[in-house]
Amino acid sequence: MTSPISSNWFYYTTMASLAQASSAANQTGASTNPLNSSGTNISMFMTLLSSMMQGGEMDSPMLAALNPQTNLGNSQSSQMMAQLNNTYKPISVSLPASTAPAVAETAAQSAVPNLKTDLSFKPIQFLKLENTLGGKLSGTSAHFINAGKKYDLDPNLLSAIAIHETGNGTSRAANEKNNIAGMMGKNGLRSYDSVEESIFDMARNLRQNYLNQGKTTVAAIGAKYAPVGAGNDPTGLNNHWVTGVNRQLNKLT
């Protein structure tokens with residue numbers, strides 16, 4: 001694309017103004033100088049402007065009009081008029097080629113690459129979860145969401161497990177140990193400094209030892225997480241784990 005008016009044009013018009021001023025100063029009879037007429041000035045200026053914008057050369061009559069009855073021996077005036085007679089050369093401006101917007105890179109996940117399941121992270125109804133959680137779980141919605149984002153897990157799944165394991169935040173393990181997921185250690189139930197720490201530990205365990213191992217349904221998780229007939233389940237509560245977690249999950253979704 002070429003700009004119709006460039007810095008060359010401003011140079012030419014400036015030189016023309018200087019030539020006109022020089023010519024006027026050399027005249028003894030100002031009233032007889034055609035350039036002293038305001039109407040002639042405007043007309044001549046428009047002619048000059050039109051010629052410059054169209055990239056043409058000024059012809060002899062135009063040069064004569066710009067420099068009437070001028071002392072031809074004046075070298076400075078002759079030099080300026082010679083420069084004015086140069087061909088207009090517009091400046092070419094090259095526009096940068098249009099490029100497609102860069103695609104934002106996907107944030108790295110701590111999950112197995114390209115492993116997407118129904119239990120992967122998804123947006124949830126925050127207020128619904130906040131109004132559902134009770135007891136020791138009250139006010140922890142943001143922790144479930146943040147843990148879900150970090151480990152690519154559905155926050156509702158994490159919440160459903162915590163609600164089932166603690167009787168919605170009322171269990172002894174939740175109140176005395178901040179353990180909201182039934183996580184076991186060498187000496188039995190683990191103790192945590194906060195409920196938030198327990199939520200993130202549950203999410204880490206589910207991602208590393210369950211979903212990354214191909215256990216991508218509540219039933220498959222439950223078979224390992226709360227196996228029926230386990231020695232640490234004398235009352236048979238594990239029999240209801242899959243049913244209970246699914247029930248809470250359905251309430252939240």
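This is a predicted model: local features need pLDDT of at least 70, side-chain atom pairs count only at pLDDT 80 or more; totals for chains, interfaces and linings use all residues.
1. The side chains of Asp 154 and Lys 122 meet in a salt bridge, with N to O at 3.5 Å; a salt bridge here is a side-chain nitrogen of Lys or Arg within 4 Å of a carboxyl oxygen of Asp or Glu. The pair links distant parts of the chain, 32 residues apart: Asp 154 is in the loop between helix H6 (141-151) and helix H7 (155-166), and Lys 122 is in the loop between helix H4 (75-84) and helix H5 (126-132). Asp 154 is buried at a relative accessible area of 4%, whereas Lys 122 is partly exposed at 31%. Buried means under 20% relative accessible area, exposed over 50%, and partly exposed in between (1.4 Å probe, protein chains only).

2. Residues are numbered from 1 along each chain as its sequence is written, and side-chain values use heavy atoms, with hydrogens and water left out.

3. As to the overall fold, the protein has eleven helices and two strands, where helices (H or I, at least four residues) and strands (E, at least two) are DSSP runs numbered from the N terminus. Along the sequence the pattern is α-α-α-α-α-α-α-α-β-β-α-α-α. Of the 253 residues, 36% count as buried. Among contacts (heavy atoms within 4.5 Å) with a separation of 6 or more, 63% come from residues 24 or more positions apart. The protein exposes about 14,700 Å², of which carbon and sulfur atoms supply 54%; accessible areas come from the Shrake-Rupley method with a 1.4 Å probe, and for residues only the protein chains shown count as cover.

4. The structure holds four salt bridges. One of them joins Glu 176 to Arg 172, with the closest N and O atoms 3.1 Å apart. Glu 176 and Arg 172 are separated by about one helical turn because they stand four residues apart in helix H8 (residues 172-177). Both Glu 176 and Arg 172 are exposed.

5. A further salt bridge is formed by the side chains of Asp 201 and Arg 190 (2.9 Å, N to O). Asp 201 lies in helix H9 and Arg 190 in the loop between strand E2 (188-189) and H9, so the pair ties together parts that are eleven residues apart in sequence. Asp 201 is buried, with a relative accessible area of 13%, and Arg 190 is partly exposed at 31%. Arg 190, Asp 201 and Arg 204 are linked in a network of salt bridges.

6. Helix H9 has 15 residues and spans 21 Å from its first C-alpha to its last, close to the 21 Å expected at 1.5 Å a residue; the expected span is 1.5 Å times one less than the number of residues. Its buried residues include Val 195, Ile 199, Met 202 and Leu 206. The cover over the buried residues of H9 includes H6, H7 and helix H10 (218-225).

7. Which side chain of opposite charge is nearest to Arg 207? Arg 207, placed in helix H9 (residues 195-209), is buried yet has no salt bridge, and the nearest such side chain is that of Asp 152, 4.0 Å away. The side chain of Arg 207 does reach the backbone oxygen of Asp 152, at 2.6 Å.

How values were computed:
Lys and Arg count as positive and Asp and Glu as negative; His and the chain ends are not counted. A polar contact is a pair of N or O atoms within 3.5 Å; within protein, one must be able to donate a hydrogen and the other to accept it, and residues adjacent in sequence count only if both atoms are side-chain atoms.
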